[in-house]
Amino acid sequence: MISLETAVDERTFRAAMSRLGKCVAITTALGPAGPVGCTTTSLMSLSVAPPSVLLAFRTGGRTLADLLAAGRFAVNVLSRDQNELVHRFAAGNARDRFSAVAYRLHHGVPLLRGVAVTMVCQLRESLTAVDHTLVVGTVCELRTGPDEPLVLVGGRPHRAVPETPAPLLPAGNC
């Protein structure tokens, strides 16, 4: 068993994890004072029956508290041209995150405009793991837009561009 004293240091771990391509989303909910949201890169498909996603949030964050209280949230997967929203919703003033951002309320959930994918979710369950809270949402509505999603690699926004397959070469004597 590895002890915490021998675990990899935080900076090394962050640097290695940032090299993994991550989908970038803004998770939104309606809090008591209005819309709340934060940048989310810990997002994965969990199940197809029922369609469910798993997200991770720092335990104790304002967006998490409002999301859990609301019981509904949206996962707005950013499109390739929305990289300015990554920092705004990650580190910007929580009260100013929605200023000058196009969104609409749909069934009490803020939906950002122009995103690659929108998932409206019903909170299914949450559990604490280390210093984060894992949130499972059942996807009630799903919409896809025409643009490719934005991904982060090395902490910087990238566009997901399909690789062109290599041409097939004739085999030997065929």
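## Exercises on nonpolar and aromatic packing

Leucine 20 has a relative accessible area of 46% in this predicted model.

**Exercise 1.** Find the aromatic pairs and determine which residues they link.

*Solution.* Step 1: searching the whole structure gives two aromatic pairs. Step 2: Phe89 and Phe98 are 5.2 Å apart centre to centre, with 90 degrees between the planes. Step 3: for Phe98 and Tyr103 the values are 5.1 Å and 70 degrees. Step 4: planes over 60 degrees apart count as edge-to-face, so the Phe89–Phe98 pair is edge-to-face, and so is the Phe98–Tyr103 pair. Step 5: ring pairs join Phe89, Phe98 and Tyr103 into a cluster. Step 6: Phe98 is buried at 9% relative accessible area, whereas Tyr103 is partly exposed at 31%.

**Exercise 2.** Describe the largest nonpolar core and the contacts of methionine 119.

*Solution.* Step 1: this core has 18 residues, and Met119 is among those touching the most other members, with Phe57, Phe73, Val75 and Cys121. Step 2: elements giving two or more residues to the core include strand 5 (51–58), helix 2 (62–70) and strand 9 (117–129). Step 3: leaving out residues up to four places away in sequence, Met119 touches Val53, Phe73, Ala74, Val75, Val77, Val139, Glu141 and Leu142.

Definitions and conventions: Residues are numbered from 1 along each chain as its sequence is written. This is a predicted model: local features need pLDDT of at least 70, side-chain atom pairs count only at pLDDT 80 or more; totals for chains, interfaces and linings use all residues. Side-chain values use heavy atoms; hydrogens and water are left out. A nonpolar core is a set of buried Ala, Val, Leu, Ile, Met, Phe, Trp, Tyr and Cys residues joined through side-chain atoms within 4.5 Å. Buried means under 20% relative accessible area, exposed over 50%, partly exposed in between (1.4 Å probe, protein chains only). Helices (H or I, at least four residues) and strands (E, at least two) are DSSP runs, numbered from the N terminus. Contact means heavy atoms within 4.5 Å. Rings of Phe, Tyr and Trp (its six-membered ring) pair if their centres lie within 6.5 Å; planes under 30 degrees apart count as stacked, over 60 as edge-to-face and the rest as tilted.
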